[in-house]
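Please keep the sequence and the three-dimensional view at hand while reading.

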Amino acid sequence: MLRNFWVLLFCVMCLGDPARAHPHVFVDARTGFIFADNGQLVALRISWTYDEFTTLVLFDTLNLDQDGDGQLNDADRAAIVQGETNWDPGYKGDVYLEVAGRDYPLGRPKSGAAKLENNRLEVSFDLPLSRPVGIKDAPAFLRLYDPIFYYAYTILPATDSIDLPDGCQTRIVPFEPTAVENALQEKLAALGREETPEQDNIGRLFSDEVRLTCG
């Protein structure tokens with residue numbers, strides 16, 4: 001799984017660079033909810049579009065585009081999907097679903113795909129729930145965040161909409177920092193690249209969320 005390697009590589013490449021340390025990788029994310037015919041939620045659809053610098057790092061790391069035409073071939077896409085969706089057992093993919101006020105367990109990625117658009121790499125996949133669940137009396141919340149805030153996710157509207165059951169709707173709630181959170185972000189930006197925040201799960205504080213309601 002490439003993400004741990006990328007964090008180490010960025011630290012080595014950027015020693016002495018005064019640019020922001022946390023976050024350092026910027027991802028535009030899009031999400032979708034997949035329901036079964038019986039109206040239960042069965043999977044999430046996730047896509048990550050990396051910033052141009054991260055895309056360049058990935059090209060170099062995986063030795064992509066060996067023919068130099070600026071395009072991905074089937075072997076390139078397979079290498080990207082393998083690296084980005086073959087997660088370590090304890091890794092959650094920076095994807096967190098809350099149902100009825102509790103973290104809902106998710107499975108492992110399926111149907112992975114990769115493409116290159118506007119010099120930015122996009123990776124997409126479906127993420128099955130550990131078991132189907134009904135969304136009835138209380139909303140569900142989907143958040144994408146890196147617990148140590150090295151990766152920063154911005155959730156954008158989906159470009160390919162997925163039909164929702166009658167009575168269900170989604171709404172993106174962007175993170176809007178308070179003065180206290182702005183000050184905390186400044187402190188994080190001042191950390192050395194080899195340092196990690198002292199506060200556990202700090203990325204949760206800065207996460208956008210997608211609210212799913214049914215009924």
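Does proline 147 count as buried, partly exposed or exposed, and at what relative accessibility? Proline 147 has a relative accessibility of 25%, so it counts as partly exposed, given that buried means under 20% and exposed means over 50%. The model discussed here is a predicted one.

Proline 147 is found in the loop between β7 and β8.

## Overall architecture

The chain has 215 residues, and 43% of them are buried. It contains 10 strands and 4 helices. Read from the N terminus, the order of the elements is α-β-β-α-α-β-β-β-β-β-β-β-α-β.

## Nonpolar cores

The largest nonpolar core comprises 41 residues. Within this core, the members that touch the most others are Phe33, Leu41, Trp48, Leu97, Leu142 and Leu144. Strand β6, which covers residues 120-133, makes the greatest contribution to the core, with 6 residues.

Another core, of 5 residues, lies apart from the largest one. Its members include Phe149, Ala152, Leu188 and Ile202.

## Aromatic pairs

A pair of aromatic rings is described by two quantities, the distance of the centres and the angle of the planes. In this structure there are 9 aromatic pairs. In one of them, the rings of tryptophan 87 and tyrosine 91 have centres 5.4 Å apart. Their planes stand at 80 degrees, so this pair is edge-to-face, the class for angles over 60 degrees. Tryptophan 87 is buried, with a relative accessible area of 8%, and tyrosine 91 is also buried, with a value of 16%. Both residues belong to a cluster in which ring pairs link Trp48, Tyr50, Trp87, Tyr91 and Phe125.

The pair of tyrosine 96 and tyrosine 145 has its ring centres 4.3 Å apart. The planes of these two rings are at 15 degrees, so the pair is stacked, the class for angles under 30 degrees. Tyrosine 96 lies in strand β3 (residues 95-99), whereas tyrosine 145 lies in the loop between β7 (140-144) and β8 (151-156). The pair therefore ties together parts that are 49 residues apart in sequence. Both of these tyrosines are buried.

## The disulfide

How many disulfides does a search of the whole structure find? The search finds 1 disulfide. This link joins cysteine 168 to cysteine 214, with an S to S distance of 2.0 Å. The angle about the S-S bond is 115 degrees, and the link is right-handed.

## Pockets

The largest pocket holds about 730 Å³ of space. It is lined by 30 residues, and those nearest its centre are Arg30, Ser47, Ala158, Thr159 and Asp160. At least two lining residues come from each of the strands β1 (25-35), β2 (41-50), β5 (110-117), β6 and β9. By class, this lining consists of 12 nonpolar, 10 polar and 8 charged residues.

The second largest pocket has about 170 Å³ of space. Of its 15 lining residues, Phe149, Ala152, Tyr153, Thr154 and Phe206 are the closest to the centre. Strand β8 supplies the largest share of this lining, with 4 residues. The lining is made up of 10 nonpolar residues, 4 polar residues and 1 charged residue.

## Two residues with positive phi

Aspartate 65 is not a glycine, yet it has a positive phi of about 55 degrees. This residue is located in the loop between α2 (52-62) and α3 (74-85). Its relative accessible area is 15%, so aspartate 65 is buried.

Serine 111 likewise has a positive phi of about 55 degrees without being a glycine. It is placed in strand β5. Is serine 111 buried or exposed? With 59% relative accessibility, serine 111 counts as exposed.

Terms used: Residues numbered from 1 in each chain as written. Predicted model: local features only at pLDDT ≥ 70, side-chain atom pairs only at ≥ 80, totals over all residues. Heavy atoms only, no water. Core = buried A, V, L, I, M, F, W, Y, C linked by side-chain atoms within 4.5 Å. Buried < 20%, exposed > 50% of the residue type's maximum accessible area, 1.4 Å probe, protein only. Phe/Tyr/Trp six-rings, centres within 6.5 Å; stacked < 30°, edge-to-face > 60°. Disulfide = S-S within 2.5 Å. 1 Å grid on protein atoms, 1.4 Å probe; cavity = no way out; pocket = protein on both sides within 12 Å on 5 of 7 lines; lining within 4 Å. Points joined across faces, edges and corners; volume = space filled by probe spheres on them. Nonpolar A, V, L, I, M, F, W, Y, C, P; charged D, E, K, R; others polar.
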